[in-house]
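Here is a short report for someone meeting this structure for the first time. Start with the view below, then read on.

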Amino acid sequence: MEDVKIIDLYFARNEDAICQTDAAYGRKLFCLAERILHNEQDSEESVSDTYMKTWETIPPHRPTYFYAYLAKLCRFFALGKLDWKNAAKRKAEVVSLTDEMEQCIPDQRKEAEAEGKEIGRAMNAFLESISQESHVIFMRRYWFCDTIAEIAERYGISESKVKMRLLRTRKQLAEFLSKEGIAV
Amino acid sequence: MSGKDLFLGLNYVNVKFVNEAETVTELKGERKVLSVRKAVLIAAAIALLAVTITACAYAIRRIRMNLVQYHVPAQTESVVIGNEQSEEALPVNVLTDCYPQSIPEGYHILCGDLSTYNSRNILYVNEKGNSITFYISTTSIEEMALRPPVEETTVEFAAGEGILKTNKGAQALCWGNEEEAYYANLYTDDITVDLAAMADSVGYGTSIPISFWYHKGEPWDPWYPQELPAGYTISEVAPVASGYQSLTFTNGDHYIRYGISTQEDLAPTEISDQGYWEESFVNGAPARMKRNRTTQRTLFWENKEEGFYAFLETMDESVDLVAVAESVGSGEIMEVSESYLGPDFTIELEQEPTAFIEWQSVYPQKIPVGYELEYVGDPAYGQQSIEWKNQEGDLISYTLYFRLGRYGREFEGSGEPEVVSINGHTGYKTGNSLLWTDEELGFAYDLRVTGDVDLITLAQSVAPGPELPVTNSDFTLKALEQLGDYRITALPDNMIEDGLSGSPLEDEDDWYSYVRRWYYDQTNNDQVYFTYETYVTDCSTEEEVLRLCVSGMTEPEFVTIHGCPGITSQDGDRAYVAWINGDVSKGVSFQLFSEQYTVEELLKMANSIQKR
């Protein structure tokens, strides 16, 4: 079913909306949560939470990008369930991803407390200002938690090109956060 | 703010970026400022060691191997001609010698360092606290990101033209210089500066060291801790940037981070000041120690006499931060850690895309005494791996690359290789690994050993030999038994099957098995991939199942193939045809893919598929 029609079902308060959402995107949402959590049960719960929140928020929202809207909720719930202390033991990708992201933070900013929304605003500004190639690869890696190999496969480029592009984007982000980024 | 905060903060980015990352399937590539030819840049004096042979020989080569050097040499360039390596003195080095010859009034040079092995930055500052950063690279553009709204214009100057971005409080100009083979950009938070004039003045001058820091008008070596707690050693040295440098020390379990700046107080501002503060002293001067809810402590202090601000941070409760701070003094200059600089050397392999190169049974013929054949891989996915092992557990690993695909292969970051000759072919030896090519056959060979083995002698013995039994050949046979032996019977002229791989269901709980077949046109290397595999879904319609087979493709059409529900999609050059034999919950999907044949042509092949 088309996204527009699924959203119409939500507006009509028709519970089939959730079934249709699950049919269209359930698998992808589960994969996204599983990547973060490495736990089937928690991942399923994250997807269920996503549907619940979607039901609560549509209406009044009418998302332009329906899957992105769902994925954003799902990522939020999955990260909320993540046991950060044990993530390393489960070899969760988020551990290496946060290590990589650590390199983007200028030392002058490391002491600063920053709210998620403030970081989000800074990241929007940053992503807006870099090339599409850079921000798409950056998002695949740090938002969708894709592996380097998956990104290379997805865009038909070599793994070393992905790594190099990410290295450069992280450097650009570090510079951006240092010069233009988060107001502390 | 930590990496975790940043990772979590990404959840608040605009949903359009999420959507774009999900829906974009083809990258548009980096926008270039000028049409600076890559070839010119790759030939840049300091950046490349190219394997070159005569133009006549080049014409018949079916595989190319390039060694790209990112590590900046001091003042010489190595040139490889055939198998002979010679060293020539370079007249200039773009990174050290090319920089703005004229800077705006009131500004002076402060510091500079490598950004990567092939780029560097220089910082200029004025008394008002404004700065200008000059960045130069021999291989790529680094566009500076500015906070929106950003205005973008093209500016012209004598050396060329560039793109000038401006916002409310900053401006950035980036450009490329084809003649001198570099990309550059200038960034400043001073909107009164004429960046185009500064860019115009970029040219060769007296050589400036790669790493330098001026303080109080004199070259200065940054101070750092001279005495560390027992067990701690240096683990990371960051490049000098914006008058700031950080070092990290570790004992394996914990870290001590150190930062020094001649430009700004490194202590957090009041707004973010959410820790617990204690007064302290470093060498008798006032300092401040911040603690947070964990065991993290950070000590901030200023050395007024030397004129710098610094901090030390650790979560190791046994570390006496004040004692470490009091040991901070002048020491030897430390080299920037490799992790900041990207790969130092990369070996690139690429094949002539239209040359069909068929697998042959070629491998080392003189295996050292004591080694036994351990593993023989399928000659699939364009390569075949073979391993030998001795009783001590030492391995000889050999990979034959006979088909590299559109993107070739890259081997990066393993240090400067030694150039060797293997039966008249150029090879690169790095430690216990050796990579070489045979230009006429179109093959590349990768040989790695863990024990005391003469790599060169072993490599020289690589030659055609009897076909070795593939270790997991029964996997493919079982998969064919389980799924059926399906083949395309109406192949286009000159096309042959040149690859087969499969994996069966391993037990009752397993649900995934596959067979893959590769078909190639021997005259022009056109390719068709045929895969059939099991699926298990919770889809509710056949269309949904079919969409999974051509995931991400635009405007698919639903058709019937072999009486089964099918789907086709033509996305640019990429053509997909798929059909399913089963129901919505489970079955076998058949998929054909090609970048040279159209959907119509693939449909003809699909309809000819028969089970043996």
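## Two hairpins around S33(B)

S32(B) and S33(B) form a hairpin with two residues between them. In its turn, Asn423(B) has a positive phi of about 50°. Strands here are DSSP E runs of at least two residues, helices are H or I runs of at least four, and both are numbered from the N terminus. Two strands pair if DSSP finds at least two bridges between them. Strand S32 (residues 418-422) of chain B is joined to S33(B) by five bridges, and the two run antiparallel. Val420(B) stands opposite Gly427(B) in S33(B).

On goes the chain to strand S34 (residues 433-438) of chain B, antiparallel to S33(B) and joined to it by four bridges. Thr430(B) has Ser433(B) in S34(B) as its bridge partner. This hairpin also has two residues between the strands, and Gly431(B) takes a positive phi near 60°. Strand S33 (residues 425-430) of chain B is mostly covered, with five of its six residues buried. Buried means under 20% relative accessible area, exposed over 50%, and partly exposed in between (1.4 Å probe, protein chains only).

## Basis of the model

This is a predicted model: local features need pLDDT of at least 70, side-chain atom pairs count only at pLDDT 80 or more, and totals for chains, interfaces and linings use all residues. Residues are numbered from 1 along each chain as its sequence is written, chains are lettered from A and ligands numbered from 1 in the order in which they are written, and side-chain values use heavy atoms, with hydrogens and water left out.

## The loop at Asn432(B)

Asn432(B) lies in the loop between S33 and S34 of chain B. Is Asn432(B) partly exposed or buried? Asn432(B) is partly exposed, with a relative accessible area of 42%. Leaving aside neighbours within four places in sequence, Asn432(B) is in contact (heavy atoms within 4.5 Å) with Leu447(B), Arg448(B), Val449(B) and Leu455(B). Thr450(B) is 18 residues from Asn432(B) along the chain, and their C-alpha atoms are separated by 6.8 Å.

Strand S28 (residues 372-376) of chain B runs antiparallel to S29(B), with four bridges joining them. Leu373(B) stands opposite Trp388(B). Their hairpin has six residues between the strands, and Tyr381(B) takes a positive phi near 55°. Seven bridges join S29(B) to strand S30 (residues 395-401) of chain B, again antiparallel. Here Ser385(B) has Thr399(B) as its bridge partner. Five residues lie between S29(B) and S30(B), and Gly393(B) in the turn has a positive phi of about 90°.

## A nine-strand sheet

Nine strands of chain B form an open sheet with antiparallel pairing, in the order S10-S11-S12-S13-S9-S8-S7-S15-S16. Strand S10 (151-157) and strand S16 (218-219) of chain B stand at the edges; each has a single partner strand, so one side of each is left without a neighbour in the sheet. S10(B) is joined to strand S11 (residues 160-166) of chain B by seven bridges. Glu156(B) has Glu161(B) in S11(B) as its bridge partner.

## Where the chains meet

Helix H9 (residues 132-142) of chain A packs against helix H2 (residues 15-23) of chain B at an angle of about 90°, with the axes 9 Å apart. Axes are lines fitted to C-alpha atoms over the stretch in contact, and angles run from 0 to 180 degrees between N-to-C directions. H9(A) and H2(B) are therefore roughly perpendicular (65 to 115 degrees). Among the residues in this contact are His135(A) and Met139(A) of H9(A), with Phe17(B) and Ala21(B) of H2(B).

In helix H10 (residues 542-549) of chain B, Glu544(B), Val545(B), Leu546(B) and Cys549(B) are buried. Their cover includes helix H2 (16-37) of chain A and strand S40 (527-536) of chain B.

## Chain B in numbers

Chain B has 11 helices and 45 strands. Buried residues make up 53% of its 612 residues.

Terms used. Angles under 35 degrees count as roughly parallel, over 145 as roughly antiparallel, 65 to 115 as roughly perpendicular and the rest as oblique.
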